[in-house]
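Me: I would like to learn how to read a ligand site and a few backbone features in a model. Could you take me through them one at a time?

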Amino acid sequence: MDLSRFPRRRYTPFATPLEFLPRFSAALAESCPGGQGPNVWIKRDDMLGLFPGGNKTRKLEFLVADALAKGADTLITCGAPQSNHCRITLAAAVKEGLKCRFVIEERVPNSYDTKASGNNFMFRLMGVEAITVVPGGSNMAAEMQKVADALAAEGRKGYIIPGGGSNALGGLGYVACAQELQQQLFEQGLRIDRVVVGSGSSGTHGGLLAGFIGNNIRIPITGIGVSRDPADQEPLVHKEAQAVMELLGLPLTVPREAVQSVGGYWQPKYSIPNQAMVEAVQLLARTEGIPLDPVYTGKIMAGLIGLARKGFFQPGENVLFLHTGGLPSLHAYEAQVLGDTPVAG
Ligand SMILES: *Cc1c(COP(=O)(O)O)cnc(C)c1O
């Protein structure tokens, strides 16, 4: 798949590490059927640029290049109160000499605290220009358009990036990741049997799937829903993957059955901590020294652990976990992750 005709900014000057997790795999196997579990590998997209980066960095390489090509002076995006996507978009704006404005969706009334730690602290540290807080269920596209209109009235030019950076252009970031991974597997002579990835606004899962199909990488992908169960999540991912194919001008159809996701691990609600997340975050930190975050990767890893315990993977199978980042929000939930504050079951 030829990505070279799309303008791209580079925010990570290296391929993210692909590492085996020997101590984590051994600890996990103890709780799996017959004491045998998968060999778990990790791809460190938590080490992407715009440090501490995460999956949004890859999408923004294409989105910000497009904003610059269109002469924008301000990036406008949206997210939840502790949004990694907003923080990384702001970092990209700062690096490019652009301004940045957010629309924050307060799904729980009055939950957005400007003085909170984690990403909210980073918003202030990096100097976000303005934040509009709107109630849960608002039409985010319309709210962002209002911000763009206000800028236009002042003779400025905003560029709207959808939530999570998940449109066809943003999805190209994960086509690039698929190609980077393919090269690493080739160089390291490594066979991966399955990839486990988080599935939220769907640019990561959908972009990676499009990249796998388009590059003939025959590794199944299991998405772990971070906010939706499969009936609601899979159509979004399918649409995203197909949109990426179309943007690339490829005459390929994404088979609906290639989109597989697992639900349940995000409960009781998006971003609300649960016990399986706490266990996953502690286990990876205490076996490998790698931090996960409470909102996304902790729940995604809880999904991998849960599937392993149900015997979903073959013993000895090489399973790759894509670490999508999120580190700053860990600091907004320290007491929950340490077990000092009780969380949902
Ligand atoms: C946004 C995010 C995800 C989900 O990725 P999508 O492309 O929105 O599906 C996973 N992990 C982290 C840390 C994120 O910030």
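Me: How many residues surround the ligand, and which are the closest?

Reply: Please keep in mind that this is a predicted model, in which local features need pLDDT of at least 70, side-chain atom pairs count only at pLDDT 80 or more, and totals for chains, interfaces and linings use all residues. Residues are numbered from 1 along each chain as its sequence is written, and side-chain values use heavy atoms, with hydrogens and water left out. A residue is near a molecule if one of its heavy atoms lies within 4 Å of it; here 16 residues surround the ligand, and the closest are Lys-56, Lys-59, Ser-201, Thr-204 and Thr-324.

Me: What classes of residue make up the shell around the ligand?

Reply: Ala, Val, Leu, Ile, Met, Phe, Trp, Tyr, Cys and Pro count as nonpolar, Asp, Glu, Lys and Arg as charged, and the others, Gly among them, as polar. The shell around the ligand has twelve polar, three charged and one nonpolar residue.

Me: Which N or O atom in a side chain is 2.6 Å from a nitrogen atom of the ligand?

Reply: A polar contact is a pair of N or O atoms within 3.5 Å, and the side-chain atom in question belongs to Thr-324. A polar side-chain atom of Asn-84 lies 2.9 Å from an oxygen atom of the ligand, while for Gly-203 a backbone N or O atom lies 3.4 Å from a ligand oxygen atom.

Me: Why does the ligand lie between the two domains?

Reply: Domain bounds come from an automatic or database domain assignment. Domain 1 (18–54 + 167–337) and domain 2 (56–164) both give residues to the shell around the ligand, so the ligand lies between them.

Me: Where are the cis peptide bonds, and what are their omega values?

Reply: Most residues other than glycine have a negative phi, and most peptide bonds are trans. The bond from Phe-51 to Pro-52 is cis, with omega near -5°, and the bond from Gln-267 to Pro-268 is also cis, with omega near 10°.

Me: What is the phi of Ser-202?

Reply: Ser-202 has a positive phi of about 85°, although this residue is not a glycine.

Conventions
A polar contact is a pair of N or O atoms within 3.5 Å; within protein, one must be able to donate a hydrogen and the other to accept it, and residues adjacent in sequence count only if both atoms are side-chain atoms.
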